[in-house]
Amino acid sequence: MNTSSTQKAIAAAVLNAIIVGFSFIFVKMALTVSDPFDTLAHRFTLSFLAASLFTFPGWGRVKFGISKAAVIIPLALMYPALYFTLQAYGLLYTTSAVAGIIQATMPIFTILLAAMFLKETTSSFQKISTLISVAGIILIFAIPGLSISSSSLWGVLLILISALSLAGYNVAARKLTRTWSPKELTYMITLFGFIFFNGLSIIKHGSAGTLDQYFTPFQEPKFIFSMLYLGVLSSLVTSFLSNYALSRMEASRVSIFGSLSTVVSILGGVLLLNEQLEWYHWTGTVMIIAGVIGVNWRKQVRAKGKA
C-alpha cells in the first residue's frame, strides 16, 4: 500500500474518532427527551434517509446488496445491533466508569481476533503501544471513583460482550472490504440498523399501547439537533470512515484510533460543558496519544525500511 493511501486511511480513522468523541454530548441531550431504543431508532432512520438521498448506492446496487444479505447479516448483528443493544442494557446494571474501562479492552480483542481470522501480525512494540493506550483510558475512568459495588456481574458481562462484538465487526468488515466498497458496506449496515432498531421500538410501543408517542421526541428542537448529529455524522459518516480505513489498514491498527475518542470527549467536556481537567486526564491523554502514535509509527518505520 502506498503512503498516500495510508495517510488517507489514518485521516479517516482520526476524523472518525473526533466525531464519535463529541457524540456523547448529543447522546446526553437526546436521552433527556427519549429512551435509548427510540433514540437509536430515530438515529438510524435519519442515517438511512441521508444515505439514500446523498452519494450512496442507488436502488440497483441495493438490490444487488440484498442478494448478498446472508453475508451482511452476521456483520450487522455484531454492529450496530449487538453493540448498541448490549451497551444500553449493560449501562442499566453498571456504572459508566466500569463500562468505559471494559470498552477500553476492544483494541486488545481486535488484535487477538485479527491474528486468529485474518492472520494479521503485530510487533511487540505495537502490542505494548496498544496496552499503553488502553491503560490511559482505564486511568481516566478509574481514578475519579470506580464503584464496583454498584455494578453487577450481568452488567459487566453485557458490556464485555458489546466490546467483543465491536472487535468482531472490525475484523469481519476488514475481510469484507476486499469484495465490497466502503459505500456499499456502509449502506447495507445502515439499512440493517434502520430495520432492527425501528422494529424494536415499534414492538415496544405496540406492547405498551403508545404508538402515538413514537414521534413525540421530535417536538423538542434539541432532540432534532441531536438526531442530525448522531444520525448523519455519528452513524452514517463514521461508519463510512471506519469501513474506508478498514479497507486500507489492518483491523488492529484501525481499532486503536478509537482510543482517541476518549481524548476528544474530555476536550468536548472542557470546551462545551465547562468541565475541569484533572491530572489523571492529562496523564491518560498522553498515554492514549503515545499508544496510538506507537502503533502507527512502528508500522511506518517498517514500511520505509522495506522501501
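**Questions on a predicted model**

Reader: Where is the place of Lys-119?

Author: Lys-119 is placed in the loop between α6 (106–117) and α7 (124–142). The model discussed here is a predicted one.

Reader: Why does Lys-119 count as exposed?

Author: A residue is called exposed when its relative accessible area is over 50%. Lys-119 has a relative accessibility of 64%, and therefore counts as exposed.

Reader: What is the phi of Lys-119?

Author: The phi of Lys-119 is positive, at about 60°, although this residue is not a glycine. Most residues other than glycine have a negative phi.

Reader: Which peptide bond is cis?

Author: The bond from Tyr-79 to Pro-80 is cis, its omega being near 20°. Pro-80 is located in helix α4 (residues 69–93). Most peptide bonds are trans.

Reader: What makes Tyr-79 and Tyr-169 a tilted aromatic pair?

Author: For Tyr-79 and Tyr-169 the centres are 5.2 Å apart and the planes are at 50°, and the pair is accordingly tilted. Both Tyr-79 and Tyr-169 are buried. This pair connects distant parts of the chain, with Tyr-79 in helix α4 and Tyr-169 in helix α8 (residues 153–176), 90 residues apart. Tyr-79 and Tyr-169 also belong to one aromatic cluster, whose members include Phe-44, Tyr-83 and Phe-84.

Reader: How do you know that Phe-240 and Tyr-244 are separated by about one helical turn?

Author: Phe-240 and Tyr-244 are four residues apart in helix α10, so about one helical turn separates them. An α-helix has 3.6 residues a turn, so residues three or four places apart point the same way. Phe-240 and Tyr-244 form a tilted aromatic pair, with 6.3 Å from centre to centre and 35° between the planes.

Reader: Why is Phe-240 called partly exposed, and why is Tyr-244 called buried?

Author: Buried means under 20% relative accessible area, and partly exposed covers the range between that value and 50%. Phe-240, at 24%, is therefore partly exposed, whereas Tyr-244, at 17%, is buried.

Reader: Why is Ser-242 called buried?

Author: Ser-242 has a relative accessible area of 14%, which is under the 20% limit, so the residue is buried. Ser-242 is in helix α10 (residues 221–246). Apart from residues up to four places away in sequence, Ser-242 touches Asn-16 and Asn-170.

Reader: How do you know that the span of helix α2 agrees with expectation?

Author: The 18 residues of helix α2 (residues 36–53), at 1.5 Å a residue, should span 26 Å. The end C-alpha atoms of α2 are 26 Å apart, and the two values therefore agree.

Reader: What makes α2 largely enclosed by the rest of the structure?

Author: Of the 18 residues of α2, 13 are buried, so the helix is largely enclosed. At the N-terminal end, α2 is capped by Asp-35, which has a side-chain oxygen 3.1 Å from the backbone nitrogen of Phe-37.

Reader: Why is Ile-111 called buried?

Author: The relative accessible area of Ile-111 is 13%, which is under 20%, so the residue is buried. Ile-111 lies in helix α6. Leaving out residues up to four places away in sequence, Ile-111 touches Thr-122, Thr-130 and Ser-252. Between Ile-111 and Ser-255 there are 144 residues in sequence, yet their C-alpha atoms are 8.6 Å apart.

Terms used: Residues are numbered from 1 along each chain as its sequence is written. This is a predicted model: local features need pLDDT of at least 70, side-chain atom pairs count only at pLDDT 80 or more; totals for chains, interfaces and linings use all residues. Side-chain values use heavy atoms; hydrogens and water are left out. Helices (H or I, at least four residues) and strands (E, at least two) are DSSP runs, numbered from the N terminus. Buried means under 20% relative accessible area, exposed over 50%, partly exposed in between (1.4 Å probe, protein chains only). Contact means heavy atoms within 4.5 Å. The expected span of a helix is 1.5 Å times one less than its number of residues. A polar contact is a pair of N or O atoms within 3.5 Å; within protein, one must be able to donate a hydrogen and the other to accept it, and residues adjacent in sequence count only if both atoms are side-chain atoms. Rings of Phe, Tyr and Trp (its six-membered ring) pair if their centres lie within 6.5 Å; planes under 30 degrees apart count as stacked, over 60 as edge-to-face and the rest as tilted.
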